[in-house]
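Hi,

Here is the structure I promised to pass on. Have a look at it first, and then read on for what turned up.

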Amino acid sequence: MKKEYRVKKQSEFQHVFDHGKSVANRQFVVYFVVKERQAHFRVGLSVSKKLGNAVKRNHIKRCMRQLFQQLEDDIRQEYDFVVIARKPVATMTFEEMKQSLVHVFRVGRLLQPASTYVQKRNDSSQLSNGGGIRTQTKRVRNST
């Protein structure tokens, strides 16, 4: 994502918080405000220290930037966004983050009206791991 497409200054973040609206799910909170005469949307990202160390937080931000690059053509262009990652994001895969963020944008009607984005799901993985929830298995070694 190009640097001119980012919300960087504290005054810009504050403007989105003060004058915008918000939509959320368990993983993300998205604040948004309409910016007339803006050719491209801008995004500000916030990841709390509660989500992990600096390496983990930077990984989450890189994933979120990549998501916005993938969804660039589907997101309405006249908005400034501030996306706050919540704690469950720390354990999510990239695809789970994508599904969650698209869900929030759909709820807020922030995708283009004629959006061609189709959410792809692998039915076999949905059934095998309880509906797309990431699971971990622990191996036990036999001592015999």
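Predicted model: local features only at pLDDT ≥ 70, side-chain atom pairs only at ≥ 80, totals over all residues.

Four strands form an open sheet in the order E1-E2-E4-E3, with mixed pairing. At the edges sit E1 (21-24) and E3 (42-47), each pairing on one side only. From one strand to the next, the twist averages 20 degrees. Strands E2 (residues 28-34) and E4 (residues 79-85) run antiparallel and share seven bridges. Look for Phe32 there: its bridge partner in E4 is Phe81.

Helix H2 (residues 54-70) touches E2, E3 and E4, and its direction makes about 155 degrees with that of E3. Helix H3 (residues 94-107) touches E1, E2 and E4, at about 40 degrees to the direction of E2.

Then the aromatics, where the count comes to nine pairs. Take Phe13 and Phe17: their ring centres are 6.5 Å apart and the planes stand at 45 degrees, so this pair is tilted. Both belong to helix H1 (residues 10-19), four residues apart, or about one turn. Phe13 is buried at 17% relative accessible area, while Phe17, at 32%, is partly exposed.

Phe68 and Phe105 make an edge-to-face pair, with centres 5.7 Å apart and planes at 75 degrees. Phe68 is in H2 and Phe105 in H3, so the pair ties together parts 37 residues apart in sequence. Both are buried. Ring pairs also link them into a cluster with Phe32, Phe41, Tyr79 and Phe81.

Cheers

Notes: Residues numbered from 1 in each chain as written. Heavy atoms only, no water. Pairing = 2+ DSSP bridges. Helix = DSSP H or I, 4+ residues; strand = E, 2+ residues; numbered from the N terminus. Axes fitted to C-alpha atoms, helices over the stretch in contact; angles between N-to-C directions. Contact = heavy atoms within 4.5 Å. Phe/Tyr/Trp six-rings, centres within 6.5 Å; stacked < 30°, edge-to-face > 60°. Buried < 20%, exposed > 50% of the residue type's maximum accessible area, 1.4 Å probe, protein only.
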